[in-house]
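Dear colleague,

Please find the structure we discussed below. My notes on it follow.

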Amino acid sequence: MKALVINGPNLNMLGKRPKEHYGTLTLYEINDMMVKEAEGIELEFFQSNSEGEIVTEIQYALGNFDAIIINPAAYTHTSVAIHDALEIFDGIIIEVHLSHVDDREDFRKINFIRECATVTFSGKKEGSYIDAVRYLKNIK
Ligand code: DQA
């Protein structure tokens with residue numbers, strides 16, 4: 001089982017973002033926790049602040065990965081392009097959010113990604129990413 005972990009804009013700034021929503025860990029520390037949890041699942045990591053780069057990375061996953069774990073960050077609420085790229089992917093798609101996106105501002109309730117996702121984990125800060133890895137371990 002090979003999974004591509006994609007993180008969207010401003011997630012490279014974790015550790016400096018509002019802690020009540022996003023916790024205290026850096027993205028590097030979260031990636032490290034995921035690797036420790038992975039046991040037999042191969043993880044590759046990608047972060048970008050650019051919508052087009054994320055689309056290209058999702059296209060690259062087709063044929064190369066069994067699963068995508070994606071936190072599209074702010075693009076969750078705006079990106080038809082990321083939705084359309086995910087629609088092409090034929091493996092498992094796990095949507096992840098650190099915060100409870102559905103219980104925050106109204107603009108975060110708009111979600112272009114959800115209908116493409118096999119499953120969503122949100123609201124548990126770094127624990128949402130760990131839940132995503134555990135989900136893959138259970139179906140491995
Ligand atoms: C986020 C939630 C988004 O609304 C926000 O724009 C982010 C991070 C989360 O992980 O909780 O940057 O995806």
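At the start of H4, which backbone nitrogen does a side-chain oxygen of serine 79 reach? It is the backbone nitrogen of alanine 81, and the oxygen comes to within 3.4 Å of it. Please bear in mind that this is a predicted model.

Helix H4 spans residues 80–88, and its buried residues are Ile82, His83, Ala85 and Leu86. These cover an arc of only 165° around the axis, which puts them on the same side of H4. On the other side of H4, Glu87 and Ile88 are exposed. The cover over the buried residues of H4 includes helix H3 (51–61), strand E3 (67–71) and strand E4 (92–97).

In H3, the buried residues are Ile54, Val55, Glu57, Ile58 and Ala61. They lie on the same side of H3, because their arc around the axis is only 165°. Strand E1 (2–7), strand E2 (42–47), E3 and H4 are among the elements that cover them. After H3 comes glycine 63, with a positive phi near 90°.

As for the sheet, five strands form an open arrangement in the order E2-E1-E3-E4-E5, with parallel pairing. E2 and strand E5 (119–122) are the edge strands, each pairing on one side only. From one strand to the next, the twist averages 20°. E1 and E3 run parallel and are joined by five bridges; leucine 4 has isoleucine 68 in E3 as its bridge partner.

Two further helices pack on the sheet. Helix H2 (residues 27–38) touches E1, E2 and E3, and its direction makes about 165° with that of E2. Helix H5 (residues 126–139) touches E1, E3, E4 and E5, its direction making about 160° with that of E4.

Kind regards

Terms used:
Residues are numbered from 1 along each chain as its sequence is written. This is a predicted model: local features need pLDDT of at least 70, side-chain atom pairs count only at pLDDT 80 or more; totals for chains, interfaces and linings use all residues. Side-chain values use heavy atoms; hydrogens and water are left out. Buried means under 20% relative accessible area, exposed over 50%, partly exposed in between (1.4 Å probe, protein chains only). Helices (H or I, at least four residues) and strands (E, at least two) are DSSP runs, numbered from the N terminus. The arc is that of the directions from the helix axis to the C-beta atoms. Contact means heavy atoms within 4.5 Å. A polar contact is a pair of N or O atoms within 3.5 Å; within protein, one must be able to donate a hydrogen and the other to accept it, and residues adjacent in sequence count only if both atoms are side-chain atoms. Two strands pair if DSSP finds at least two bridges between them. Axes are lines fitted to C-alpha atoms, for helices over the stretch in contact, and angles run from 0 to 180 degrees between N-to-C directions.
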